[in-house]
Structures are given as structure tokens and as C-alpha cells.
Amino acid sequence: MAKILKMKNITKEFPGVKALDNVNFEVEEGEIHCLVGENGAGKSTLMKVLSGVYPYGNYSGDIIFNDKVQKFRNIKDSEKIKIAIIYQEFALFPQLSIYENIFIGHEFHKNNFIDWNKTIHKTEEFLKMVHLDVHPQTKVVDIGVGKQQLVEIAKALSKDVKLLILDEPTAALNENESENLMDLLRELKKRGVTSILISHKLKEVIDVADKVTILRDGQTITTLNKEDNTIKYNAMVKHMVGREITDVFPKREKITRGDIALEVKDLNAFSPRLDRFLVKDANFKVHQGEVVGIAGLMGAGRTELALSVFGNPLNYDVKGKVLKDNQPLRFDRPKKLIDAGVAYVSEDRKGKGLILKQNVKNNITLANLRSISRNYFINRNKEILGAEAYRKNLNIRTPSIEQKVLNLSGGNQQKVSLSKWLFVNPNVLILDEPTRGIDVGAKYEIYTIINDLVAKGLAIVLISSELPEILGMADRIYVMNKGTIQGELSAKEANQEKIMELATA
């Protein structure tokens with residue numbers, strides 16, 4: 001089969017960092033080629049070179065597409081030759097309709113005016129192609145993340161794409177949405193579309209990939225091939241991290257469960273904007289030295305439950321009781337919860353968890369400035385010592401605590417977010433999707449940190465869309481569906497079938 005893409009000896013440097021070091025990468029026409037590696041391995045950087053985000057002259061090496069050397073000045077140049085890239089953060093305009101988003105910049109015209117009828121008609125064709133049953137005039141803000149992903153793909157198809165690049169497309173999708181997207185990639189393959197897929201979800205890589213290229217520390221390590229039966233989980237992990245990880249979930253020493261640390265009774269959260277209950281009659285508890293998992297499909301109300309408990313920052317109409325150490329707790333503001341020893345690590349580390357343009361030190365100490373201040377002035381020595389302690393204890397890989405968080409890999413950003421909330425010295429920690437969008441090596445480190453915290457007596461509530469993660473880490477599991485807790489399972493009795501049965505009840 002002909003090679004549609006060759007990237008030869010690609011080297012890309014940032015100040016003090018060689019992000020890509022003589023990388024070679026080839027893709028055959030009509031295949032699904034996965035690109036995997038730890039956070040910071042250079043995957044996204046390589047694709048930004050390919051798509052023209054980093055223009056010719058900002059890197060060394062050659063891009064050969066359809067047997068022609070390409071020198072892209074910007075992303076428009078790559079789009080002209082039918083290359084399209086879809087990032088984790090969608091390039092959509094939320095307040096515009098689906099048809100306006102799909103054809104923005106290449107609208108149909110008639111007599112010097114935009115032909116909206118033809119635009120809507122063509123949008124219907126592309127939505128049908130990606131199996132999205134939504135009216136073209138629907139605003140993007142009114143559809144879910146999974147459907148927005150399909151809009152992005154329809155937008156690429158409208159430009160007659162030949163090479164489609166998807167950067168972590170399933171990071172925010174539930175299992176059903178992820179499977180549907182993988183089926184769509186297979187269908188596009190039959191239509192002659194070549195795909196490059198960046199993913200940390202190795203199971204979906206095994207399911208969908210024709211070939212897998214692995215990067216580590218900015219270098220090409222190897223390419224595995226479906227035909228040779230070499231695309232295997234353990235092989236990918238070994239090449240990604242440079243060592244074997246025998247257990248995905250580190251073993252935890254048996255700990256005697258302590259008293260109830262946090263209990264929620266008859267909690268209801270009503271959204272006036274959506275005119276419906278997001279949480280209905282929820283009851284759950286977590287003990288000291290215990291990990292309680294909260295499972296459910298996207299939209300089940302898991303995050304809404306956590307935020308309702310953690311001071312209701314989204315201003316729902318919340319009623320119910322929260323008891324901390326068997327004492328009633330006012331939970332109308334996050335500060336009340338923080339003062340009581342409860343912390344919440346957001347699922348959206350980039351949007352809500354961290355200030356990306358600030359340095360590691362400032363982010364870690366942000367939620368507890370009182371502990372390092374006196375008379376309204378910050379003690380800079382205390383701040384440095386505190387941040388350095390967490391950098392060391394959580395193994396945050398950064399040249400300095402003065403490094404901007406923006407420049408860290410996803411796994412290290414997640415450790416900074418976790419450090420920020422551990423700095424308030426909580427005894428109850430709510431972790432919302434703590435391993436979303438990070439690689440297998442970084443996940444293992446996060447799991448090890450969770451086990452260490454539980455060993456010290458912390459009570460942890462773990463919200464996750466990944467069922468293996470819930471099953472591998474939780475002592476007890478609550479399953480939510482449409483805002484209600486459908487059931488509780490012990491670690492011994494729980495399995496994926498029982499969880500999905502409750503999640504879809």
C-alpha cells in the first residue's frame with residue numbers, strides 16, 4: 001500500500017527543551033494509525049508540525065505528503081491539501097448553529113450572498129454521514145461533548161479530508177460514545193479516509209489500530225503492526241514507559257476502615273436554568289481509610305453531586321444534609337468545606353483546576369494562602385518550601401517550581417492540581433476523573449498517591465468514567481443514573497456487567 005505520509009528526521013526545540021528529536025513517522029494510505037506515548041513524549045507536538053501549527057522553519061526535517069515535500073506556513077496550508085486536525089479542545093463556536101460551524105470559512109454563495117438553504121442541506125448530508133441525528137440549526141452549546149466531537153468530524157469531512165488527525169478524541173466521552181467514534185473511524189477508512197489517532201486509552205488502540213507508533217522522550221521507539229499481531233497491551237506499556245508495569249493498579253495494604261468521615265443524606269440539586277433535578281435523593285458515605293467509587297455514564301449526575309456537596313459553586317437549588325465526622329456541616333460555600341477538611345479536585349484541570357499561565361509554586365499554594373501568610377503578606381520562604389515539598393513527594397517533573405504549569409505534561413499538571421488541594425490538609429478528598437487524559441505511567445503514579453493517602457487515613461471519593469479504574473481502586477461503589485444513586489456494590493461483588501446494569505437502569 002502506498003505511503004500517504006512520511007515525516008523524516010523531525011526535530012523541534014523549545015527554550016531549554018528538545019520536544020522532538022529526529023523523529024521518523026510513516027503512514028500508509030487508508031489505515032488507522034495510532035500514535036501513543038507518555039504525556040510529554042511529543043505526540044501532539046509532532047501533529048502540530050504536520051498540520052502547520054508550527055510552521056516550516058520552526059523545526060528541522062521533511063514532511064512528504066502524497067510524494068510531495070510540504071512547507072506549511074500555517075494550518076490553512078495543510079487544510080488545502082486535505083489534512084485536518086481535531087484537538088481535545090474543540091474549535092467550535094458554542095453560540096453558533098451546527099451548520100454555521102461546519103461551513104464557517106467555506107460557505108456556499110449565490111449571487112454574492114451566502115446560500116443558507118444549500119448550506120443547511122449539505123450539513124444534513126454530513127451529519128448523516130457521521131450518524132448524528134440533530135437538526136442543523138441546533139446551537140453547538142445545546143449538544144453534548146460526544147455530539148460536538150461528531151460535528152468536528154463532519155466539519156473535516158466537509159473539506160473533503162484525506163488525512164484526519166484526532167488528538168485524544170475520546171478523553172471526555174463515555175464508553176458508548178467512544179465505541180461509536182471508533183466505529184465511525186472504521187467506516188471512514190472504507191471511504192478512503194486515512195486517520196491518525198492519539199490516545200491514552202490502550203484498549204481502544206488495540207481494537208481499532210492497523211499500526212501503532214510509540215514515542216518516548218521525543219524519539220520514535222518502534223512501530224507495532226496488527227498484521228504481525230504485535231499490538232499488545234504489555235508491549236505498548238513497556239515501550240511507552242521504558243519498563244514493564246505488571247499491575248495496572250498498585251496493590252494496597254489492607255487497612256482497617258475507620259469512622260464515617262463524610263455522609264450525605266437526601267441530597268437534591270435542582271437546576272433552574274435546565275428546569276430539572278440534576279441530583280435526586282442521594283445518600284452515600286465514605287469512611288476514613290476508604291476509597292468510595294462513584295460510577296455512571298456521562299450525564300448521570302456524578303460531578304453535579306460532588307459540586308453540590310462541595311459548596312454548590314454552580315448555584316443549584318440544593319437541599320439535604322451533609323455530615324462531617326457525624327456533625328452537621330454547612331455546605332453553602334466551598335470555603336466552608338475547605339475549612340472543614342474537605343477538598344475537591346476538578347475533572348477540568350485546565351479550565352477550573354489550575355491557572356495555566358501561573359507557575360507551579362503559585363498553583364500549589366493558591367487554595368491555602370493563609371497558612372503561608374502573616375498580616376496579609378505572603379512569606380515567600382514558606383511558599384517555596386511548601387511547593388518544593390509537594391514537587392518532591394508527588395514527583396512532579398518540572399525543571400523548577402517557577403515553571404509555568406502551561407508547559408507541563410498532562411500527568412504533571414494533574415499532580416499540581418492534586419498538590420494544590422493536599423496543601424489545604426484535607427481528611428476527605430473528592431477526586432473527579434483524576435486520570436482523564438493522562439498516560440498509563442502517570443496513571444500508575446496517581447493510583448500510588450491515592451493508596452498512600454488512604455494509608456494515612458484519608459477518605460477518598462473517586463469519580464471515574466473508566467470502569468476498570470473504579471473496579472481496580474474502590475472499596476465500595478455507588479452507581480448513578482439520571483441523577484439518582486441506583487445501587488451500592490462492594491469491591492468483591494462488583495464487575496463491569498453489574499455496574500452497567502445499574503448505570504443504564
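1. The structure holds eleven aromatic pairs, where rings of Phe, Tyr and Trp (its six-membered ring) pair if their centres lie within 6.5 Å, and planes under 30 degrees apart count as stacked, over 60 as edge-to-face and the rest as tilted. The model is a predicted one, in which local features need pLDDT of at least 70 and side-chain atom pairs count only at pLDDT 80 or more, while totals for chains, interfaces and linings use all residues. Residues are numbered from 1 along each chain as its sequence is written, and side-chain values use heavy atoms, with hydrogens and water left out.

2. One of these pairs joins F249 and Y447, which are tilted at 40° between the planes, with 5.0 Å centre to centre. F249 lies in the loop between α8 (233-241) and β13 (260-271), whereas Y447 belongs to helix α15 (residues 440-455), so the pair ties together parts that are 198 residues apart in sequence; helices (H or I, at least four residues) and strands (E, at least two) are DSSP runs, numbered from the N terminus. Y447 is buried, at a relative accessible area of 4%, where buried means under 20%, exposed over 50% and partly exposed in between (1.4 Å probe, protein chains only).

3. F270 and F277 make an edge-to-face pair, with 70° between the planes and 5.1 Å centre to centre. F270 is partly exposed at 21% relative accessibility, and F277 is partly exposed at 38%. F277 also has K280 over its face, at 4.1 Å from the ring centre, a charge being over a ring if NZ of Lys or CZ of Arg is within 6 Å of the ring centre and within 35 degrees of the ring normal. K12 likewise lies over the face of Y54, at 4.7 Å from the ring centre.

4. Elsewhere, ring pairs link F103, F108 and F126 into a cluster.

5. Where does A474 sit in the chain? A474 is in the loop between α16 (467-473) and β23 (476-481), and A474 counts as buried at 6% relative accessibility. Although A474 and V291 are 183 residues apart in sequence, their C-alpha atoms are 4.9 Å apart in space. Leaving aside residues up to four places away in sequence, A474 touches V291, V292, G293 and A491, contact meaning heavy atoms within 4.5 Å.
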